[in-house]
Amino acid sequence: MLKELLEIDKNDIITVVGAGGKTSLITYLTKQFSSEYKVLLTTTTKIYLPKSSDYDNKIMLTKKSDTFIINKGITLCGRYLNDENKVVGLTFDELDKLVSEFDISFIEGDGSKKKKLKGWKDNEPLVYKKTTKTIGVLDITSYDMYINDKNIHRLDKFLNICGLYNNKITLENLKNIVLKEQGLFKNSRGQKILFINKVENVYREKLAKDLIKLIRKENDTIDILYGSLIRSYYRKG
(Lines give C-alpha, C1' and ligand atoms only; values in the text may rest on other atoms or scores of the structure.)
Protein backbone atom coordinates (compact mmCIF):
# COMPACT_ATOMS: atom_id res chain seq x y z
CA MET A 1 0.00 0.00 0.00
CA LEU A 2 1.05 3.58 -0.58
CA LYS A 3 1.23 4.51 3.10
CA GLU A 4 3.76 1.71 3.68
CA LEU A 5 5.87 2.78 0.70
CA LEU A 6 5.89 6.33 2.04
CA GLU A 7 6.89 4.99 5.49
CA ILE A 8 4.61 7.43 7.29
CA ASP A 9 4.82 7.18 11.06
CA LYS A 10 3.08 8.68 14.05
CA ASN A 11 4.12 12.32 14.60
CA ASP A 12 4.94 12.85 10.92
CA ILE A 13 4.02 16.24 9.50
CA ILE A 14 3.60 15.91 5.76
CA THR A 15 3.39 18.81 3.31
CA VAL A 16 2.26 18.06 -0.24
CA VAL A 17 3.27 20.35 -3.11
CA GLY A 18 3.13 20.40 -6.90
CA ALA A 19 0.23 19.74 -9.26
CA GLY A 20 -1.79 16.91 -10.72
CA GLY A 21 -3.14 15.10 -7.69
CA LYS A 22 -2.21 16.86 -4.41
CA THR A 23 -5.74 16.93 -3.01
CA SER A 24 -6.47 13.37 -4.14
CA LEU A 25 -3.27 12.12 -2.52
CA ILE A 26 -4.01 13.86 0.77
CA THR A 27 -7.61 12.59 0.75
CA TYR A 28 -6.40 9.04 0.20
CA LEU A 29 -3.72 9.17 2.88
CA THR A 30 -5.81 10.83 5.59
CA LYS A 31 -8.42 8.09 5.23
CA GLN A 32 -5.75 5.42 5.59
CA PHE A 33 -4.89 6.67 9.07
CA SER A 34 -8.25 7.96 10.28
CA SER A 35 -9.40 4.84 12.12
CA GLU A 36 -6.34 4.70 14.37
CA TYR A 37 -5.12 8.28 14.73
CA LYS A 38 -6.08 11.88 15.23
CA VAL A 39 -5.34 13.24 11.75
CA LEU A 40 -5.02 16.91 10.85
CA LEU A 41 -6.08 17.98 7.35
CA THR A 42 -5.19 21.57 6.56
CA THR A 43 -3.45 23.97 4.19
CA THR A 44 -1.05 26.89 4.25
CA THR A 45 -2.70 28.33 1.12
CA LYS A 46 -6.37 27.89 0.14
CA ILE A 47 -8.27 24.75 -0.78
CA TYR A 48 -11.83 24.13 -1.84
CA LEU A 49 -13.92 22.81 1.04
CA PRO A 50 -13.62 19.01 0.84
CA LYS A 51 -16.66 16.79 0.63
CA SER A 52 -18.19 16.09 4.03
CA SER A 53 -17.31 12.41 3.55
CA ASP A 54 -13.61 13.34 3.43
CA TYR A 55 -13.39 14.52 7.03
CA ASP A 56 -14.96 13.76 10.41
CA ASN A 57 -14.62 17.07 12.24
CA LYS A 58 -14.24 20.69 11.15
CA ILE A 59 -12.60 23.54 13.04
CA MET A 60 -12.46 27.10 11.75
CA LEU A 61 -10.23 29.05 14.12
CA THR A 62 -11.97 32.40 13.76
CA LYS A 63 -15.23 30.84 14.91
CA LYS A 64 -13.90 28.78 17.81
CA SER A 65 -12.40 29.49 21.18
CA ASP A 66 -8.81 28.61 21.93
CA THR A 67 -9.93 25.31 23.46
CA PHE A 68 -11.57 22.51 21.50
CA ILE A 69 -11.77 18.73 21.65
CA ILE A 70 -9.91 16.70 19.04
CA ASN A 71 -11.06 13.14 18.47
CA LYS A 72 -9.78 10.27 16.37
CA GLY A 73 -10.48 10.64 12.68
CA ILE A 74 -9.83 13.44 10.23
CA THR A 75 -10.12 17.01 11.47
CA LEU A 76 -10.29 19.67 8.76
CA CYS A 77 -8.86 22.90 10.08
CA GLY A 78 -8.54 26.38 8.60
CA ARG A 79 -8.92 29.99 9.57
CA TYR A 80 -12.30 30.47 7.91
CA LEU A 81 -14.30 29.77 4.74
CA ASN A 82 -14.15 32.56 2.18
CA ASP A 83 -16.76 33.65 -0.40
CA GLU A 84 -15.50 31.02 -2.88
CA ASN A 85 -16.19 28.24 -0.35
CA LYS A 86 -12.46 27.80 0.09
CA VAL A 87 -10.74 26.98 3.34
CA VAL A 88 -8.27 29.77 4.09
CA GLY A 89 -5.12 28.18 5.42
CA LEU A 90 -3.26 28.43 8.68
CA THR A 91 -0.23 30.54 9.45
CA PHE A 92 2.92 28.87 10.73
CA ASP A 93 2.23 30.31 14.19
CA GLU A 94 -1.24 28.76 14.18
CA LEU A 95 0.21 25.42 13.09
CA ASP A 96 2.72 25.60 15.95
CA LYS A 97 -0.20 25.58 18.38
CA LEU A 98 -2.10 22.79 16.60
CA VAL A 99 0.18 20.05 15.28
CA SER A 100 1.11 18.72 18.71
CA GLU A 101 -2.57 17.92 19.28
CA PHE A 102 -2.59 15.47 16.37
CA ASP A 103 -0.89 12.14 15.70
CA ILE A 104 -0.27 12.83 11.99
CA SER A 105 -0.67 16.07 10.03
CA PHE A 106 -1.25 16.51 6.30
CA ILE A 107 -0.80 19.99 4.86
CA GLU A 108 -1.51 21.12 1.30
CA GLY A 109 1.22 23.68 0.75
CA ASP A 110 0.72 24.66 -2.88
CA GLY A 111 -1.93 25.84 -5.33
CA SER A 112 -2.05 25.11 -9.05
CA LYS A 113 -5.49 26.32 -10.23
CA LYS A 114 -6.28 22.70 -11.19
CA LYS A 115 -3.59 22.76 -13.90
CA LYS A 116 -1.12 19.93 -14.51
CA LEU A 117 2.06 21.96 -14.05
CA LYS A 118 3.07 25.24 -12.46
CA GLY A 119 5.86 27.68 -11.73
CA TRP A 120 6.41 29.16 -8.29
CA LYS A 121 6.45 32.71 -6.98
CA ASP A 122 9.20 33.69 -4.54
CA ASN A 123 7.08 32.85 -1.48
CA GLU A 124 5.80 29.52 -2.84
CA PRO A 125 5.30 26.79 -1.89
CA LEU A 126 4.43 27.46 1.74
CA VAL A 127 6.11 24.53 3.48
CA TYR A 128 5.64 24.50 7.25
CA LYS A 129 8.95 24.67 9.10
CA LYS A 130 8.32 21.49 11.15
CA THR A 131 7.49 19.37 8.11
CA THR A 132 9.10 15.91 8.30
CA LYS A 133 8.29 14.80 4.75
CA THR A 134 7.73 16.96 1.65
CA ILE A 135 5.88 15.06 -1.06
CA GLY A 136 6.11 16.59 -4.53
CA VAL A 137 3.37 15.43 -6.92
CA LEU A 138 4.07 15.29 -10.65
CA ASP A 139 1.43 14.37 -13.27
CA ILE A 140 3.00 12.12 -15.94
CA THR A 141 0.16 12.97 -18.34
CA SER A 142 1.67 16.45 -18.61
CA TYR A 143 4.32 14.93 -20.89
CA ASP A 144 3.87 16.11 -24.50
CA MET A 145 1.15 18.62 -23.65
CA TYR A 146 1.37 22.10 -25.15
CA ILE A 147 3.29 24.70 -23.19
CA ASN A 148 0.78 27.50 -22.73
CA ASP A 149 -1.22 29.38 -20.09
CA LYS A 150 -4.14 27.01 -20.44
CA ASN A 151 -2.10 24.05 -19.24
CA ILE A 152 0.47 25.64 -16.91
CA HIS A 153 -0.13 27.86 -13.89
CA ARG A 154 2.28 30.85 -13.88
CA LEU A 155 3.76 29.99 -17.25
CA ASP A 156 6.49 32.66 -17.06
CA LYS A 157 7.81 31.22 -13.79
CA PHE A 158 7.66 27.71 -15.20
CA LEU A 159 9.72 28.68 -18.24
CA ASN A 160 12.33 30.37 -16.04
CA ILE A 161 12.74 27.10 -14.16
CA CYS A 162 12.41 24.53 -16.92
CA GLY A 163 13.49 26.15 -20.16
CA LEU A 164 11.81 25.80 -23.53
CA TYR A 165 13.00 22.93 -25.73
CA ASN A 166 10.01 22.93 -28.09
CA ASN A 167 6.34 23.85 -27.82
CA LYS A 168 5.44 20.70 -25.89
CA ILE A 169 6.52 19.34 -22.52
CA THR A 170 9.55 17.03 -22.69
CA LEU A 171 11.06 14.69 -20.13
CA GLU A 172 13.87 17.22 -19.82
CA ASN A 173 11.29 19.82 -18.74
CA LEU A 174 9.90 17.43 -16.15
CA LYS A 175 13.35 16.54 -14.86
CA ASN A 176 14.12 20.24 -14.47
CA ILE A 177 10.90 20.96 -12.59
CA VAL A 178 11.93 18.28 -10.08
CA LEU A 179 15.61 19.16 -9.71
CA LYS A 180 16.01 22.89 -10.25
CA GLU A 181 16.52 24.99 -7.14
CA GLN A 182 13.36 27.02 -7.83
CA GLY A 183 11.33 23.95 -8.77
CA LEU A 184 9.13 21.37 -7.09
CA PHE A 185 11.20 20.98 -3.92
CA LYS A 186 11.87 24.67 -3.38
CA ASN A 187 11.41 25.44 0.34
CA SER A 188 11.11 21.72 1.12
CA ARG A 189 11.73 20.37 4.62
CA GLY A 190 12.60 16.91 5.85
CA GLN A 191 12.60 13.89 3.56
CA LYS A 192 11.99 14.68 -0.11
CA ILE A 193 9.62 12.28 -1.86
CA LEU A 194 8.60 12.52 -5.53
CA PHE A 195 5.29 10.88 -6.42
CA ILE A 196 4.75 10.52 -10.18
CA ASN A 197 0.99 10.21 -10.51
CA LYS A 198 -1.42 8.91 -13.17
CA VAL A 199 0.81 6.05 -14.30
CA GLU A 200 -2.10 4.00 -15.57
CA ASN A 201 -0.81 2.04 -18.56
CA VAL A 202 2.38 0.53 -20.00
CA TYR A 203 3.22 3.65 -22.01
CA ARG A 204 3.02 5.95 -19.00
CA GLU A 205 5.02 3.52 -16.90
CA LYS A 206 7.81 3.60 -19.48
CA LEU A 207 7.71 7.42 -19.42
CA ALA A 208 7.90 7.40 -15.62
CA LYS A 209 10.87 5.02 -15.63
CA ASP A 210 12.67 7.08 -18.29
CA LEU A 211 12.09 10.22 -16.24
CA ILE A 212 13.40 8.52 -13.11
CA LYS A 213 16.59 7.55 -14.98
CA LEU A 214 17.13 11.20 -15.98
CA ILE A 215 16.61 12.34 -12.41
CA ARG A 216 18.90 9.67 -10.97
CA LYS A 217 21.76 10.69 -13.25
CA GLU A 218 21.88 14.04 -11.45
CA ASN A 219 20.40 13.35 -8.02
CA ASP A 220 20.03 10.22 -5.91
CA THR A 221 18.82 11.85 -2.68
CA ILE A 222 15.12 12.11 -3.59
CA ASP A 223 12.95 9.09 -2.82
CA ILE A 224 10.75 8.34 -5.83
CA LEU A 225 7.45 6.52 -6.16
CA TYR A 226 5.20 6.20 -9.18
CA GLY A 227 1.72 4.89 -9.70
CA SER A 228 -1.96 5.72 -9.88
CA LEU A 229 -4.28 6.92 -7.14
CA ILE A 230 -7.26 5.89 -9.27
CA ARG A 231 -6.02 2.34 -9.77
CA SER A 232 -4.32 1.96 -6.37
CA TYR A 233 -1.12 0.92 -8.16
CA TYR A 234 2.20 2.01 -6.62
CA ARG A 235 5.86 1.17 -7.16
CA LYS A 236 9.20 2.42 -5.88
CA GLY A 237 11.29 4.15 -8.54
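Helices (H or I, at least four residues) and strands (E, at least two) are DSSP runs, numbered from the N terminus. The model before you is predicted: local features need pLDDT of at least 70, side-chain atom pairs count only at pLDDT 80 or more, and totals for chains, interfaces and linings use all residues. Residues are numbered from 1 along each chain as its sequence is written, and side-chain values use heavy atoms, with hydrogens and water left out.

I begin with the helices. In H4, Phe-158, Ile-161 and Cys-162 meet Asn-173, Asn-176 and Ile-177 of H5. By class, this contact of H4 with H5 has four nonpolar, two polar and no charged residues. Here Ala, Val, Leu, Ile, Met, Phe, Trp, Tyr, Cys and Pro count as nonpolar, Asp, Glu, Lys and Arg as charged, and the others, Gly among them, as polar. The axes of H4 (residues 155-162) and H5 come within 8 Å and cross at roughly 95°. Axes are lines fitted to C-alpha atoms, for helices over the stretch in contact, and angles run from 0 to 180 degrees between N-to-C directions. H4 and H5 are therefore roughly perpendicular to each other; angles under 35 degrees count as roughly parallel, over 145 as roughly antiparallel, 65 to 115 as roughly perpendicular and the rest as oblique.

H5 (residues 171-179) also packs with H6 (residues 202-218), at an angle of about 50° and with the axes 10 Å apart. That makes H5 oblique to H6. On the H5 side the contact residues include Leu-171, Leu-174 and Val-178, and on the H6 side they include Leu-207, Leu-211 and Leu-214. By class, the contact of H5 with H6 has eight nonpolar, no polar and four charged residues.

On a 1 Å grid over the protein atoms alone, a cavity is a set of points where a 1.4 Å probe fits but cannot get out, and a pocket is an open set with protein on both sides within 12 Å along at least five of seven lines; lining residues have an atom within 4 Å of a point. Grid points are joined across faces, edges and corners, and a volume is the space filled by probe spheres set on the points.

How many cavities of 30 Å³ or more are there? The count comes to one. The largest cavity holds about 40 Å³ of space. Its lining includes Gly-18, Trp-120 and Ile-177, and divides into seven nonpolar, one polar and two charged residues.

The largest pocket has a volume of about 810 Å³. Of the 34 residues that line this pocket, the closest to its centre are Lys-46, Glu-108, Gly-111, Ser-112 and Lys-113. H2 gives the most to the lining, with five residues. By class, the pocket lining has seven nonpolar, 10 polar and 17 charged residues.

Two backbone features remain. Most residues other than glycine have a negative phi, and most peptide bonds are trans. The peptide bond from Glu-124 to Pro-125 is cis, with omega near -15°, and Pro-125 sits in the loop between S9 and S10. Asp-144, although not a glycine, has a positive phi of about 75°; Asp-144 lies in the loop between S10 and S11 (152-153).

Technical notes
Contact means heavy atoms within 4.5 Å.
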